[in-house]
Amino acid sequence: MTWPYKISSMTSKTNQELRDEANSDRLGFWANQAHQLSWHKPFTKTLDWSNPPFAKWFEDGQINASYNCLDRHVLAGLGDKPAILFEGEPGDTQTYTYSELLEQTKKAANALLDLGIRSGDRVAIYMPMIPETLIAILAVARIGAVHSVVFGGFSADSLRSRINDAQAKLVITADGGFRKGKAHPLKEAVDHALQDNSCPSIEHVLVVQRTNTAVAMEDKDIWWHDALAKAEPEHEAIGFDSEHPLFILYTSGTTGKPKGILHTTGGYLTGASYTHRTVFDLKSDTDVYWCTADVGWITGHSYVVYGPLANGVTQVIYEGTPDSPNFERWWEIIEKFKVSIFYTAPTAIRTFMKVGRAVVDGHDLSSLRILGSVGEPINPEAWEWYHKVVGGSRCEIVDTWWQTETGSIMISPVPHTMQTKPGSAQRALPGITVGIVDENGSPVINSSEGSEAGYLTIDEPWPSMLKGIWGDPERFVETYWSRFPGKYFAGDGARFDEDGDIWLLGRIDDVIKVSGHRLSTAEIESALVEHHWVAEAAVVGAQDEITEQAVVAFVILRQDELGDAPDEEEIGKVLRGWVSEKIGAIARPRQIMVVSELPKTRSGKIMRRLLKDVAEGRPVGDTTTLADSSVMNSINDKLHSSTND
Ligand code: WT7
C-alpha cells in the first residue's frame with residue numbers, strides 16, 4: 001500500500017546537499033527544516049542569540065505540535081495509514097490509524113480542558129507503554145499545557161519530587177502496565193506519592209484502565225474512559241508561540257537533585273523531525289519503524305512520539321520487556337510487523353549476544369534495513385553482532401549520540417553516505433557544529449593520527465537545544481555554559497580519529513550510565529544516607545559486561561543504629577531494596593560494600609577514582625593525595641574477603 005503523502009518529498013535532498021546548504025547558510029538551512037512543519041503563523045526570524053545562552057528559535061512563529069503530528073497528515077489524505085501498531089505484553093494487539101489517533105487525542109484534549117487544565121499548566125504522565133500514553137502526551141501538547149513524563153519504573157518518591165518541582169495540576173496514570181508477565185502497579189504508586197497531601201498542587205488523577213487491577217478511586221480520581229466518553233469529539237488546535245514550553249523531562253545531573261530539562265515547541269519539533277527523517281533514511285512510505293525506548297526517556301519523546309508522528313510514519317509500540325515470555329519476543333515482533341527501521345540500546349544487544357544468536361536466527365528479519373543504537377557507546381563487538389546477526393550484514397547501522405538536553409540526535413552517521421565504523425558515532429549532523437577541546441578550552445590538535453582525548457562541546461545554538469532548567473536559570477547557565485564560555489559543554493569526553501571521525505569516550509562527570517539509563521552517583525548517595533543505618537556513602541559506576549556500568553556503593557554504617565546487628569549480607573539486601581524504593585529499580589546497586597572509612601583528599605573530597613579501581617578489581621591507582629593513605633589498604637583487604645549478590 002502506498003500513501004498519497006510522500007515522506008520522500010521531505011528527504012529528497014542528498015546528505016551532501018544538506019551539508020553544503022548548512023555550511024553555506026546555517027540559519028537558512030534550519031529555516032528550511034522548520035518549513036517542513038505546518039505553522040499556524042509563519043516565522044520571519046530564525047534565531048535570536050542576542051542574550052546567550054538563552055536562545056529563541058523561530059520566535060515570531062506560532063505552531064501546534066499535536067496538529068503537526070496528527071491533523072496535517074489526516075488533511076493530506078493519510079487518515080487511514082496506521083500510526084501505531086500496538087503489541088501488549090500479554091499478546092493483545094491494536095492498530096490506530098492517524099484518524100483514530102486524532103479522534104482520541106481531540107477527546108482527550110477536551111477532557112483535559114473539562115478538568116480545568118489550561119495553556120502553560122503542568123501535567124505529570126506516569127504510564128506504561130500503551131497507545132493512551134501517546135494520546136495523553138499529544139492531548140496535553142494540543143492545548144498548550146506542558147507535560148512532564150515520569151518513567152513508570154521510578155518510585156513514588158521520585159514521582160512526588162518531580163510533581164512538586166513542576167507544580168503539576170494533574171497526573172495521568174494507569175491502574176498498571178504489564179511487565180514480565182505481571183501487572184506492575186502504577187496508580188498505587190501515585191496514591192503513595194500523593195498521600196498526606198504531599199503534592200498539594202495536584203487537583204485530579206486521570207486513570208487509564210489497562211490491567212484491571214483493583215485500585216482505590218477517590219474523589220479526585222477519574223477514569224480516563226469516563227472522561228473521554230463525556231468529552232466533546234471536536235477540538236480545533238490553535239497555534240502557540242514557537243518558544244512556548246512543550247515539556248519538562250527530569251534527568252540526573254552531578255548533584256543529588258534531578259534537573260527539569262525544558263524544551264519548547266517550534267525548535268524542538270524541527271530538530272526531532274529533521275533528525276528522525278535524516279538519520280533513519282525515511283524514504284519509503286511503507287517503512288515500519290520501531291524504537292524500543294520507553295516514553296519516560298528523551299528517546300521516547302523524540303523518537304517514539306514527536307519525530308515519527310511529525311513525519312507520518314507507521315510505528316510499532318511494544319509494552320513489555322524483551323525477555324517476556326522469552327527472548328524470542330522482539331524478533332517475533334519484527335517479523336510479524338515487517339519492521340524496516342529498528343532503534344535500540346547497546347545494553348539490549350549485549351544481552352542478546354549473551355543469550356546466543358539462536359533466538360534471533362529463528363526469525364525472518366529480512367524486512368530490516370536500518371539499525372540504530374543509542375544511549376551509551378556501542379562496543380565494536382556488539383556493533384559487529386548487531387550488524388551480522390540482526391542485520392544479516394545488509395543493514396546500515398547508525399550509532400547516534402545525543403542527550404536529554406540536546407533534544408535530538410547531534411552526532412551520527414547518515415545512511416548510505418559514509419563508510420560506517422564499529423564504535424564511532426562519526427560526524428555531527430548537517431546543521432550541528434561540535435568541537436573537542438582541552439582543559440583550557442583550546443581545540444585539540446587533530447593530526448594524521450587523530451587527536452588526544454578532550455571534552456566534547458557544541459559550538460553553535462541548535463533548534464532542539466534545551467531552553468533551561470525548570471525554575472532554575474542560574475543552574476542552566478552554570479551547568480552547561482560556564483565550563484567553556486560561549487560553548488555548550490555536554491559532559492562527555494571524545495576524540496577524533498585519523499579520519500576526523502568522533503569517538504565518544506563516556507561521561508567525565510559523576511553521571512553514570514546503567515543500561516543506557518542516566519543516574520547520578522550523588523543522587524544514589526543521598527538516598528543511601530537517608531537510611532538510618534548509613535553514616536556516609538560513596539557510589540561509583542563500575543564496568544559491567546551487559547549494562548555498561550553498574551552501581552557499586554561503599555557505605556560507612558552507624559553502629560549505634562544497627563540494633564541487633566544484622567550481618568553484611570542482610571545489610572546489603574536491605575540497602576539495595578531501599579535505593580530501589582527511593583529512586584527506582586534501575587538505581588538498585590549491584591553491590592554494597594561496608595567499609596570503615598572512605599578515601600578522601602586532604603580537603604575532604606571523596607576519591608571515587610580509587611573506589612572505582614577497587615570495584616572493577618584493578619590495582620588501586622595513585623594514593624598520594626589521600627589524607628590517610630592506609631584507608632585503601634583496609635578497603636582492599638576487606639573486599640577480597642566479601643561480596644554480595
Ligand atoms: C548521555 C546522555 C541520547 C538519548 C538517550 C540518553 C551517553 C548517549 C551515546 C552514544 C556514546 C552516548 C552520553 C550522553 N550517550 N548516546 N551513541 N555513544 N554515548 O540520553 O539519558 O540524557 O544521556 O548518554 O554520555 O551524555 P541521556
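Here are some numbered notes on this predicted model, for someone meeting it for the first time.

1. Ground rules. Residues count from 1 along each chain as its sequence is written, and side-chain values use heavy atoms, with hydrogens and water left out. As the model is a prediction, local features need pLDDT of at least 70 and side-chain atom pairs count only at pLDDT 80 or more, while totals for chains, interfaces and linings use all residues.

2. The ligand. Asp399, Thr400, Thr404, Asp492 and Arg518 come nearest among the 17 residues around the ligand (a residue counts here if one of its heavy atoms lies within 4 Å). Look at Thr404, where a polar side-chain atom sits 2.5 Å from a ligand oxygen, and at Asp492, where a polar side-chain atom is 2.6 Å from an oxygen of the ligand. On its own the ligand has 550 Å² of accessible area, and the protein covers 96% of that (Shrake-Rupley method, 1.4 Å probe; for residues, only the protein chains shown count as cover). H11, strand E20 (396-400) and strand E25 (502-507) each give two or more residues to the shell. Helices here are DSSP runs (H or I) of at least four residues and strands (E) of at least two, numbered from the N terminus.

3. Around Gly312. This glycine is in the loop between helix H11 (298-310) and strand E17 (314-318). Gly312 counts as buried because its relative accessibility is 1%; buried is under 20% relative accessible area, exposed is over 50%, and partly exposed is in between (1.4 Å probe, protein chains only). Tyr98 is 214 residues away in sequence, yet the C-alpha atoms of Gly312 and Tyr98 are 8.2 Å apart.

4. Thr97. You'll find Thr97 in strand E5 (residues 93-97), and it is buried at 14% relative accessibility. Its side chain reaches the backbone oxygen of Gly79 at 3.3 Å. That is a polar contact, meaning a pair of N or O atoms within 3.5 Å; within protein, one must be able to donate a hydrogen and the other to accept it, and residues adjacent in sequence count only if both atoms are side-chain atoms. Leaving aside neighbours within four places in sequence, Thr97 touches Gly79, Asp80, Lys81, Pro82 and Ala83 (contact is heavy atoms within 4.5 Å).

5. Salt bridges. The whole structure has 42 of them, each a side-chain nitrogen of Lys or Arg within 4 Å of a carboxyl oxygen of Asp or Glu. Glu87 and Arg329 pair up at 2.8 Å, N to O. This pair links distant parts of the chain, 242 residues apart: Glu87 is in strand E4 (residues 82-87) and Arg329 in helix H12 (residues 329-337). Glu87 is buried at 6%, and Arg329 is buried at 5%. Asp613 and Arg618 also meet, at 2.9 Å; here Asp613 is buried at 9%, whereas Arg618 is partly exposed at 37%. There is a network too, linking Lys187, Asp191, Glu218, Lys220 and Asp221.

6. One to check by eye. Arg162, in helix H7 (residues 156-166), is buried but has no salt bridge, and the nearest side chain of opposite charge, Glu523, is 4.6 Å away. For charges, Lys and Arg count as positive and Asp and Glu as negative; His and the chain ends are not counted. Glu523 is one of the buried residues of H17, a helix (residues 521-529) with 7 of its 9 residues buried.
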